[in-house]
Amino acid sequence: MSSATVEALPAHQPGNTEEMPAEHYLNDGKTVFSWLGTLDHKRIAILYMVVVLLMFLVGGTFALLVRLELLTPGPTIMDALTYNRMFTLHGVIMVFFFMIPAIPGIFGNFMLPLMLGAKDVAFPRLNLMSWYLYVLGAGLGIWGMINGGADTGWTFYTPYSSMTPTQILPVLMGAFVAGFSSILTGLNFIVTVHTMRAPGITWMKMPLFVWSIYATAVIQILGTPVIGLVMLLLTVEQVFGFGIFDPARGGDPVLYQHLFWFYSHPAVYIMVLPAMAVMSEVVSTMSRKNPYGYKMIAWSSLGIALVGFLAWGHHLFVSGQSTFDAGAFGVISMMVGVFTAIKVFNWTATLYKGSVTFTTPFAYFCGFLYFIVFGGMTGIAVASVSLDVHWHDTYFVVAHFHFIMVGATIMAFLAALHYWFPKMFGRMYPEGWGLVSAVLIIIGFNATFIPQFLLGNMGMPRRYYQYPEQFQALNVASTAGASLLAMGFLIIAIYLAISLKYGKVAGPNPWGSHGYEWLHTQSPPITHNFHGQPVYPQAPHDYTGPVEGEVTHAA
Amino acid sequence: MQPDANASPFGPNYVPVAPGGRAPGGKYPWATHFGTPNVQTYAARFGMWLFLSTEVLLFAGLFVSYAVYRYLYPQTFALCSRHLDLSLGTINTLVLITSSLTVALAIHFVRTGKNGMATGMLIVTLLCACAFLVIKYFEYHHKFEQGTLPGRFYTYSGIQTEGAPMFFALYFLTTGLHALHVVVGMSVLTWVTYHVVKGRFSPVYYTPVELGGLYWHLVDLVWIFLYPLLYLI
Ligand SMILES: [Cu+2]
């Protein structure tokens, strides 16, 4: 190893009773303003974490209420309008305020500069503003939900959304404002990747997390303005009745669907690409092996971003699209599967002859692999026009996108939360409880959504308040699964909260990872991340030799 | 390379500051999380271009809607297009192109250290923007009187073919959103002018002037597309 390396911090040795570092970003300033006015990307990440988790709690609670209502064929705990509001609330919050900002907002913000050897993101003030916009958007959305509450579903389809007696305007504005936040985050990340890389980090030496977050940012920048415009058009439609999407005035509701899905299909990749980003890191660290096919994993992220923009028509198979269009969109949608498969094969090949440590993040990686393969394969199935005509708007589709979009994202979110918890807070979580809750969550997720695949295939339409008797058994199974899921999350919340204060001190690199973010920083990092400017002569995730200064030990 | 508050490795013209910090008149405020001031300038420009690309996509949604409805109602759209005031539209186009020239000149003058000339050019730009809005006001006013308005407000009896209210819906949406951008651009340029007068910019540091100018060019460019689509074809 060349002497150009800034002295790497010694790796953690198991069994040590270490002290937390005296100075780190968490204790650098204790006032409320030192948090709410912070420009430090790590503190902004924590701010994101607080609100994102809150949103997850709210969205999850409404999911549980929806599942409870569906426990019996008739009315169970709420009336039909309330039920419509509940699932709309669940969708809007989970999509716009949880899944889209979750991984980029928290882990992107925290890790990107650490992985690039930078002191901060390119535009720290824009970064803080982006958080405020997100909070404003989320606040507006929730306020709107309490006062009036939209009942259109998160897709706001016209013409119903311009006729509904409920108040969709505040919710629309909430999503609109949160969109700005998403754009600014994406812009910031792209510029950061271009300009803030430390000496030695060339494009082909960027950690795979960075590549995937970069691809995400491209989608955020190119897609989000269009949904912004759609929200504006809907607003105008609601308030002034311009008739853009109103057939009675010569408008075309299908145009709405096109514009909406032009963003909202790629939005799926705003959620899934960061998930893939996390997994590329976790799999390499936990198997102590260089990622198999680094370049393929990197380029396939951009491939997904590109192809993802050309696939939106698969939401319109039964909306009067021409047969040719439907076929073309179907084939392009399947190409997303090709790029995803490249990643899946590469991750799996990375494990081959690796030295796997079966930690909680790795358990989530296994869950992720399962959800992305199973969810992806059902995705190929619904991308086939003839099959989709049967499944369209049934629970099969609901189960499909929960598998691929939610399953994958949740797995990655939890993996990231556990994998980087020591880096962010300097302490370890209890591994045993981590594995228990991972098993609960993975089983709970399956128990929730496999019945929904079956229900959908049997013809149960989504979003219905009541259903025929013969569907009850599977609905009960689904609700039971959902409560298992909730239990898993509850356990995680409890032990992570305890670990924040009482967890074992982690040391700078408890995983013995060779990922850039672990190399030259303490845990938790100091406010300026590094002492001096680190350089990176080694490729990321390079396990062919020990990192300088590392004490070799069985991880 | 830990920057000292007083000394900068890039010479006295480059003052190390915290992110978003200010430097004394005419000096370059080097935010030290960037490797060099050059990188910082590059980042600022690059960020602005990315932002402009989001603006382009925002308008792209409207252009797509225009294309769809023009395809559905070709005759009506041609007819309605004849109904707009071509001379006012043309004057406005010339006004905006002039303002783009003057803002470009303003950047040129700041770069060559002629802040007085730059201020003048920025003021001309702002006056052009005002003129544009005033003319737009008269155009709007005429439509309100005539009843050539979107959707359910359409009361004009001159064109009764299907799709006429849609043309005016798109007319008001595109020009309205554009006018909003004109107003935002004016605020940005007013801020820039204020700081040019205050002497904050110099041949060493003129990034905000340049970025403000870029934004204004975009506002202009959108109109360059709107003008033929609405008034000419
Ligand atoms: Cu889709």
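Helix α6(A) contributes the most to the lining of the largest cavity, with six residues (helices being DSSP runs of H or I of at least four residues, numbered from the N terminus). The model is predicted, so local features need pLDDT of at least 70 and side-chain atom pairs count only at pLDDT 80 or more, while totals for chains, interfaces and linings use all residues. Residues are numbered from 1 along each chain as its sequence is written, chains are lettered from A in the order in which they are written, and side-chain values use heavy atoms, without hydrogens or water.

The largest cavity has a volume of about 150 Å³, a cavity being a set of points on a 1 Å grid where a 1.4 Å probe fits but cannot get out, with lining residues having an atom within 4 Å of a point. Of its 18 lining residues, Phe96(A), Ile100(A), Ala178(A), Gly179(A) and Ser182(A) lie nearest the centre. Elements giving two or more residues to this lining are α3 (80–116), α6 and α7 of chain A. The lining divides into 11 nonpolar, seven polar and no charged residues.

Turning to the interface, 35 residues of chain A are in contact (heavy atoms within 4.5 Å) with 34 residues of chain B. About 3000 Å² is buried between the two chains, and carbon and sulfur atoms give 75% of this area, which is the accessible area (1.4 Å probe) lost on putting the parts together, summed over both. On the side of chain A that touches chain B, two or more residues each come from α4 (124–146), α6 (169–195), α7 (208–240) and α8 (253–286) of chain A. Here α7(A) gives the most, with 10 residues.

Methods
On a 1 Å grid over the protein atoms alone, a cavity is a set of points where a 1.4 Å probe fits but cannot get out, and a pocket is an open set with protein on both sides within 12 Å along at least five of seven lines; lining residues have an atom within 4 Å of a point. Grid points are joined across faces, edges and corners, and a volume is the space filled by probe spheres set on the points. Ala, Val, Leu, Ile, Met, Phe, Trp, Tyr, Cys and Pro count as nonpolar, Asp, Glu, Lys and Arg as charged, and the others, Gly among them, as polar.
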